[in-house]
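Subject: Model handover and findings

Hello,

Here is the model for your files. Please look it over first. My notes follow below.

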Amino acid sequence: MKAYTRVDAPLLFSALDTQPNGYKGSIGADAIFEITTTKTNQTLLCRDVKIASLDGTSKRQYCKIKGGDWR
């Protein structure tokens with residue numbers, strides 16, 4: 001499973017910052033993504049993302065603290 005960063009997948013990370021659940025986009029020419037859910041608690045904002053690539057489909061969760069970056 002490939003790990004994406006803001007440098008190699010800027011559209012994904014921009015979407016995590018600004019787009020609603022259900023948003024779909026591409027990660028370069030080899031993968032597409034969909035933001036499926038958003039969860040929050042007192043310290044974290046987490047978003048579940050479905051990624052489909054040539055290697056198959058996977059689900060990932062990206063979380064961040066206020067003022068932090070997605071991990």
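Start with S26: at 31% relative accessibility, this residue counts as partly exposed, where buried means under 20% relative accessible area, exposed over 50%, and partly exposed in between, with a 1.4 Å probe and protein chains only. S26 is found in strand 1. Leaving out residues up to four places away in sequence, S26 touches L11, A31, I32 and F33, with contact meaning heavy atoms within 4.5 Å. S26 and S58 are 32 residues apart in sequence, and their C-alpha atoms are 14 Å apart in space.

Some ground rules. This is a predicted model, so local features need pLDDT of at least 70 and side-chain atom pairs count only at pLDDT 80 or more, while totals for chains, interfaces and linings use all residues. Residues are numbered from 1 along each chain as its sequence is written, and side-chain values use heavy atoms, with hydrogens and water left out.

Overall layout

The chain holds 1 helix and 4 strands. Here helices (H or I, at least four residues) and strands (E, at least two) are DSSP runs, numbered from the N terminus. Along the sequence the pattern reads α-β-β-β-β. The C-alpha atoms fill a box of roughly 35 × 20 × 20 Å along the principal axes. Buried residues make up 31% of the 71 residues. Of the contacts between residues at least 6 apart in sequence, 21% join residues at least 24 apart.

The 4 strands form an open sheet in the order 1-2-3-4, with antiparallel pairing. Two strands pair if DSSP finds at least two bridges between them. Strand 1 and strand 4 (56–65) are the edge strands, and each pairs on one side only. From one strand to the next, the twist averages 30°. Helix 1 packs on this sheet and touches strand 1, strand 2, strand 3 and strand 4. The direction of helix 1 makes about 25° with that of strand 2. Axes are lines fitted to C-alpha atoms, for helices over the stretch in contact, and angles run from 0 to 180 degrees between N-to-C directions.

Strand by strand

Strand 1 covers residues 24–27, and its side chains alternate. G25 and I27 point to one face and are buried. Strand 1 and strand 2 run antiparallel, joined by 4 bridges. In strand 2, K24 has E34 as its bridge partner, and G25 has F33. The hairpin of these two strands has 3 residues between them, and G28 takes a positive phi near 65° there.

Strand 2 and strand 3 pair in the antiparallel sense over 9 bridges. They also form a hairpin, with 3 residues between them. The bridge partner of T37 in strand 3 is D48.

The helix

Which residues of helix 1 are buried? They are L12, F13, A15 and L16. Seen down the helix axis, the buried residues fall within an arc of 155°, so they line one face of helix 1. The arc is that of the directions from the helix axis to the C-beta atoms. On the other side of helix 1, L11 and T18 are exposed. The buried residues of helix 1 pack against strand 1, strand 2, strand 3 and strand 4.

The core

The largest nonpolar core has 14 residues, and Y4, L12 and Y62 touch the most other members. A nonpolar core is a set of buried Ala, Val, Leu, Ile, Met, Phe, Trp, Tyr and Cys residues joined through side-chain atoms within 4.5 Å. Helix 1 (10–18), strand 2 (31–40) and strand 3 (44–53) each supply at least two residues of this core. Helix 1 gives the most, with 4 residues. What does L12 contact, leaving aside its neighbours within four places in sequence? L12 is in contact with Y4, I27, F33, V49 and Y62.

Best regards
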